[in-house]
Amino acid sequence: MVLAVHGVVAGALATVARANPVTGFFIGFLSHFLLDAFPHWDYFHLLPSFSKQEGQKVRHLQFVRDIFWICCDIGLGVLLSLLFFVFHRDLGGVVTKGVFWAIIGSIVPDVLQYLAMKLPWKPLTLFRRLHDYFHSKTKLNGAAAFGIGIQVVVVILAASLTFF
Ligand SMILES: [Zn+2]
């Protein structure tokens, strides 16, 4: 899943659970693995920094551009979460910190995954194996419209969770 979807789902769960920062973080962290278990589309394979083969060099500008797109993705998740859960007419600010830490927790697994690709550090390698174990083996990379459509539906379902 893209990071914005991870963030919104984590924010919704943290809101429903009235999470504090600690429980929010763990809700976000665990929900990441749950979402990744479903076949999904993402754009990481389109970013040179993430898809490069062994021995291929990534240019500095490519890396900066890749990080820009990832920041836009995270920013979208934060923006949608603010709209749905923090400025929510009934919930307004009730679990702001819980939502914030849930979003952080939902992004951390992919940050660790990226670091594991770059740094040969045993704990990171073990984490990468764990992440890959839970990650769906079916990719919808060839079906972007369908894959993005599903994620829009997931965002709508997550946002509507807080209305019950
Ligand atoms: Zn992931």
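**Entry 1: terms and model.** I count two residues as in contact if their C-beta atoms, placed from the backbone, lie within 7 Å. I note that the model is predicted: local features need pLDDT of at least 70, side-chain atom pairs count only at pLDDT 80 or more, and totals for chains, interfaces and linings use all residues. I number residues from 1 along each chain as its sequence is written.

**Entry 2: the whole chain.** I looked up the elements and found 7 helices and 0 strands. Helices here are DSSP runs of H or I with at least four residues, strands are runs of E with at least two, and both are numbered from the N terminus. I then looked up the overall dimensions: the C-alpha trace spans about 55 × 35 × 30 Å along its principal axes. A compact globule of 164 residues would have a radius of gyration near 15 Å, and the 16 Å of the chain agrees with this. That radius is taken over C-alpha atoms, and the globule rule is 2.2 Å times the number of residues to the power 0.38. Of contacts between residues at least 6 apart in sequence, 76% join residues at least 24 apart.

**Entry 3: burial.** I call a residue buried if 20 or more other C-beta atoms (placed from the backbone) lie within 10 Å of its own, exposed if 12 or fewer do, and partly exposed in between. By this count, 32% of the 164 residues are buried.

**Entry 4: helix α5.** I found that α5 has 23 residues and reaches 33 Å from its first C-alpha to its last, close to the 33 Å expected at 1.5 Å a residue. The expected span is 1.5 Å times one less than the number of residues. A kink of about 30° lies at Val-108, shortly before Pro-109; the bend at a residue is the angle between axes fitted to the seven residues ending there and the seven starting there. The buried residues of α5 include Trp-101, Ala-102 and Pro-109. These buried residues of α5 pack against α1, α2, α4 and α6 (122–134).

**Entry 5: helix α7.** I looked up the 18 residues of α7 (residues 144–161), which should span 26 Å at 1.5 Å a residue; the end C-alpha atoms are 26 Å apart, which agrees. In α7, Gln-151, Val-155, Ala-158 and Ala-159 are buried. They cover an arc of only 95° around the axis, so they lie on the same side of α7. The arc is that of the directions from the helix axis to the C-beta atoms. The face turned away from the buried side carries exposed residues, including Phe-146, Ile-156 and Leu-157. Among the elements covering the buried residues of α7 are α1 (3–16) and α4 (60–86).

**Entry 6: the core.** I define a nonpolar core as a set of buried Ala, Val, Leu, Ile, Met, Phe, Trp, Tyr and Cys residues joined through C-beta atoms within 7 Å. In the largest one, with 30 residues, Val-5, Val-8, Val-9, Ala-14 and Ala-102 touch the most other members. The elements giving two or more residues to this core are α1, α2 (21–36), α4, α5 (96–118) and α7. Helix α1 gives the most, with 9 residues. Not counting residues up to four places away in sequence, Val-5 touches Leu-35, Gln-151, Val-154 and Val-155.

**Entry 7: two single residues.** I found Arg-18 in the loop between α1 and α2. Arg-18 counts as exposed because it has 12 C-beta neighbours inside 10 Å. Phe-50 lies in helix α3 (residues 48–51) and is partly exposed, with 16 other C-beta atoms within 10 Å.
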